[in-house]
Amino acid sequence: MSETIVTRFAPSPTGFLHIGGARTALFNWLYAKRFSGKMLLRIEDTDRERSTDEAIAAILDGLSWLGIDWEGEPVYQFSRAARHREVAEELLASGRAYRCYASQEELAEMRERAKAEKRPLRYDGRWRDRDPSEAPAGVAPVIRLRAPTDGETAVEDRVQGRVVWQNKDLDDLVLLRSDGTPTYMLAVVVDDHDMGVTHVIRGDDHLTNAARQTQIYEAMGWTPPVFAHIPLIHGPDGAKLSKRHGALGVDAYRSMGYLPEALRNYLVRLGWAHGDQEIFSTQEMVDAFDLPAIGRSPARFDFAKLESLNGHYMREASDERLVEALDTIMPELGPERGLGTQLAPDLREKLRASMPGLKERAKTLVDLLDSAAFLYESRPLSLDEKAAKLLDEAARGRIAAVAERLAALETFDAASTEAVVRAYSEETGVKLGQIAQPLRAAITGRTTSPPLFDVMAVLGREETLARLGDQTGR
């Protein structure tokens with residue numbers, strides 16, 4: 001490819017960065033990186049009633065968290081309205097557009113007639129060739145594209161293949177509304193042209209828009225970009241993705257405890273394949289990504305697969321990386337657990353020390369924090385049902401005996417505490433598990449935890465003995 005590849009991500013800031021938008025951004029970013037190009041960011045904020053600063057901030061934050069960056073400053077579409085009007089006036093002057101004075105009543109009548117005849121609504125072109133001198137007084141016109149009425153409009157889509165529309169089925173779309181504001185169709189074309197966008201990669205719900213936009217490009221004598229319309233994401237049941245399936249904001253996935261690298265890896269495999277490979281580093285994604293490998297069928301969102309992938313990334317992550325990741329979501333997770341909005345220094349150290357055992361079982365950061373509850377819960381610990389069953393009278397007696405020996409240790413570390421418990425097992429003839437499991441239950445409140453003697457070392461002599469005393473009454 002000789003030209004510089006320029007892609008763009010163009011969200012509407014009317015809500016969070018949803019998961020489908022995040023995948024679109026990722027595909028644009030990867031394609032630009034793959035061919036040493038650049039991805040631009042355009043905020044399509046022309047819907048002034050629904051666009052909010054909070055939504056813009058959520059989009060920028062979500063992209064940054066996922067590790068998706070863009071070239072230069074974001075472009076705000078609303079600020080370019082004068083340029084959009086200028087292009088509409090150019091089309092008017094060249095005869096490729098015209099003023100339409102059809103009233104709302106006339107348009108409603110067209111809609112009703114189309115409905116009665118069970119055909120799609122199309123503007124009937126009644127002002128296409130009329131002299132403006134016939135314009136009714138006091139009516140502000142819209143400006144419509146003078147679209148071709150015969151032949152066809154074709155798009156060579158890099159995902160969908162060649163897609164053809166008969167021009168007789170496409171009517172003269174509105175470019176400027178009667179109040180002078182540009183429509184989405186016009187604004188997108190002008191912005192993509194002016195920003196030098198070479199490849200438009202977006203959801204296939206925009207496929208029909210590609211025909212409309214191609215007609216505007218041709219009317220202006222501009223070269224249309226390469227289009228690639230990617231299938232939408234569906235739920236596991238094959239229905240359109242909804243909130244119950246996982247159509248949430250990227251911020252929600254962060255709060256649910258997913259790592260950005262895991263979510264990025266999961267999203268890239270929704271609709272794109274590279275052989276049987278499932279796990280990709282960022283560089284591997286960049287090196288392998290291309291548009292022809294995107295399938296035409298909708299991808300299905302699978303939470304179980306995302307969890308499994310996240311578990312893999314957690315096991316591979318450094319202990320410090322996971323502590324830092326926990327810290328970023330403490331504002332959401334901490335208060336309900338009595339931990340505040342950030343990790344206390346002593347808890348950070350305990351988490352770091354316990355992480356090798358904690359991360360082996362956890363699928364999400366939420367799992368990780370919950371499985372580490374024994375590090376921060378107040379005494380006396382509340383025992384879960386299985387742990388409570390283990391602590392019968394005989395077990396409490398053994399715990400009390402072991403506690404005396406633990407208290408006498410000069411050095412309180414994993415090796416020395418293990419030696420004490422093993423020696424007690426050999427001397428009494430009680431199986432190691434019959435001693436270790438009740439000890440675990442008393443110290444953590446659960447029957448599963450990181451290695452028992454590592455837990456004792458992390459908690460330290462004083463806390464370990466205090467917890468054992470809570471369960472034996474000594």
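Which residues touch the most other members in the largest nonpolar core? They are F289, F301, L351, L365, L368 and L439, picked from a core of 101 residues. Helix α1 gives the most to this core, with 9 residues. A nonpolar core here is a set of buried Ala, Val, Leu, Ile, Met, Phe, Trp, Tyr and Cys residues joined through side-chain atoms within 4.5 Å. Buried means under 20% relative accessible area, exposed means over 50%, and partly exposed is in between (1.4 Å probe, protein chains only).

A quick word on ground rules. This is a predicted model, so local features need pLDDT of at least 70 and side-chain atom pairs count only at pLDDT 80 or more, while totals for chains, interfaces and linings use all residues. Residues are numbered from 1 along each chain as its sequence is written, and side-chain values use heavy atoms, with hydrogens and water left out. Helices (H or I, at least four residues) and strands (E, at least two) are DSSP runs, numbered from the N terminus.

Take L368 for a closer look. Not counting residues up to four places away in sequence, L368 touches M314, L322, L326, M355, L358, K359 and A362, where contact means heavy atoms within 4.5 Å. There is also a second, separate core of 20 residues, and L92, L176, L186 and V189 are among them. In soluble globular proteins, nonpolar side chains tend to be buried together.

A372 sits in the loop between α14 (365-371) and α15, and A372 counts as buried because its relative accessibility is 0%. Leaving aside neighbours within four places in sequence, A372 is in contact with L351 and L358. A372 and P450 are 78 residues apart in sequence, yet 8.9 Å apart in space, C-alpha to C-alpha.

**Strands and what packs on them**

Strand β9 (residues 199-203) is mostly covered, with 5 of its 5 residues buried. From β9 the chain crosses through helix α6 (residues 207-220) to β10, and this β-α-β crossover is right-handed (with the strands pointing away from the viewer, the path from the first strand over the helix to the second runs clockwise). β9 and β10 (residues 226-230) run parallel and are joined by 5 bridges; two strands pair if DSSP finds at least two bridges between them. Within that pairing, R202 stands opposite H229 in β10.

R202 turns up again around T24 in helix α1. T24 counts as buried because its relative accessibility is 12%. Neighbours within four places aside, T24 is in contact with F9, I201, R202 and I230.

There is also an open sheet of 3 strands, in the order β4-β5-β8, with antiparallel pairing. Its edge strands are β4 (97-100) and β8, each pairing on one side only, and the twist averages 45 degrees from one strand to the next. β5 (residues 142-145) and β8 pair over 2 bridges in the antiparallel sense, and R144 stands opposite V174 in β8. Helix α3 lies across β4, β5 and β8, running at about 100 degrees to β4. For these angles, axes are lines fitted to C-alpha atoms, for helices over the stretch in contact, and angles run from 0 to 180 degrees between N-to-C directions.

Helix α5 (residues 184-194) is mostly covered: 8 of its 11 residues are buried. Those are M185, L186, A187, V188, V189, V190, D191 and D192. Their cover includes β1 (6-9), β2, α3 (81-93), β8 (174-176), β9 and α6.

In α17 (residues 393-407), the 15 residues should span 21 Å at 1.5 Å a residue, and the end C-alpha atoms are 21 Å apart, which agrees. The expected span is 1.5 Å times one less than the number of residues. The buried residues of α17 are A395, R398, I399, A400, V402, A403 and L406, and they pack against α16, α18 (414-428), α19 (432-444) and α20 (452-472).

Most residues other than glycine have a negative phi, and most peptide bonds are trans. Here are some backbone angles worth a look.

| Site | Angle |
|---|---|
| S36 | phi about 55 degrees |
| G196 | phi near 75 degrees |
| R379 to P380 | omega near -10 degrees |

S36 has its positive phi although it is not a glycine. S36 lies in the loop between α1 (19-34) and β2 (38-43) and is exposed, with a relative accessible area of 67%. G196, also with a positive phi, follows α5. The R379 to P380 peptide bond is cis, and P380 is found in the loop between α15 (373-376) and α16 (385-390).
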